[in-house]
Amino acid sequence: MNDKDRYEMYERVHLRSAADLPDEDKISKLVNKHRSKWIQIIFNVVIITGLGYAYYAGYRPFADWVYYVLAFIFVLNVVLLYWQKNQIEDLSAYLKERVESGSSGA
């Protein structure tokens with residue numbers, strides 16, 4: 001897959017409802033999505049920290065395996081959110097470069 005195909009795929013995934021907008025508007029939507037991903041990452045890290053603290057402090061209303069499953073799910077979620085955040089950053093940089101070069105796609 002070449003870079004153009006990759007960025008088109010990122011656009012389809014992250015800008016579904018904004019596909020018809022000009023690149024400048026897409027960039028502003030991506031900035032909002034980027035901020036949203038950071039908030040989601042922080043929220044998940046807080047939950048992981050809280051689960052870890054509760055587990056190590058001895059507060060265990062659930063079986064141990066439940067904590068492991070929850071920790072796995074939230075860690076996986078953080079990894080996937082971070083991956084999406086990087087895709088959004090790459091797409092935003094690509095669109096900014098396209099705007100600066102004057103070859104706007106919309």
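Visitor: Is K29 buried, exposed or partly exposed?

Guide: This is a predicted model, and every value discussed here is computed from it. The general idea is to read a relative accessible area against two limits: under 20% a residue is buried, over 50% it is exposed, and in between it is partly exposed. K29 has a relative accessible area of 41%, so it is partly exposed.

Visitor: In which helix is K29 found, and with which residues is K29 in contact, leaving aside its neighbours within four places in sequence?

Guide: K29 is found in helix α2. Once the neighbours within four places in sequence are set aside, K29 is in contact with L15, A18 and L21. K29 and L95 are 66 residues apart along the chain, and 12 Å separates their C-alpha atoms.

Visitor: How many helices and strands are there in the chain?

Guide: The chain has three helices and zero strands. Its pattern, followed along the sequence, is α-α-α. The radius of gyration is 19 Å, whereas the globule rule gives 13 Å for 106 residues; the chain is therefore more spread out than a compact globule. The spans of the C-alpha trace along the principal axes are about 60 × 25 × 20 Å.

Visitor: What percentage of the contacts with a separation of 6 or more is between residues 24 or more positions apart?

Guide: That share is 73% in this chain.

Visitor: Which residues make up the largest nonpolar core?

Guide: A nonpolar core is a set of buried nonpolar residues joined through side-chain atoms within 4.5 Å. The largest one here has 10 residues in all: Y7, Y10, L15, A18, I27, L30, I88, L91, Y94 and L95. At least two residues of this core come from each of α1 (3–14), α2 (23–57) and α3 (64–101). Helix α3 gives the most, with four residues. Y7, one of the core residues, is in contact with D90, L91 and Y94 when its neighbours within four places in sequence are left aside.

Visitor: Is K85 buried or exposed?

Guide: The relative accessibility of K85 is 3%, so K85 counts as buried. The residue is found in helix α3. Neighbours within four places in sequence aside, K85 is in contact with H34, K37, W38 and I41.

Visitor: Is F43 buried or exposed?

Guide: F43, found in helix α2, has a relative accessible area of 54% and is therefore exposed.

Methods
Residues numbered from 1 in each chain as written. Predicted model: local features only at pLDDT ≥ 70, side-chain atom pairs only at ≥ 80, totals over all residues. Heavy atoms only, no water. Rg over C-alpha atoms; globule rule 2.2 N^0.38 Å. Contact = heavy atoms within 4.5 Å. Buried < 20%, exposed > 50% of the residue type's maximum accessible area, 1.4 Å probe, protein only.
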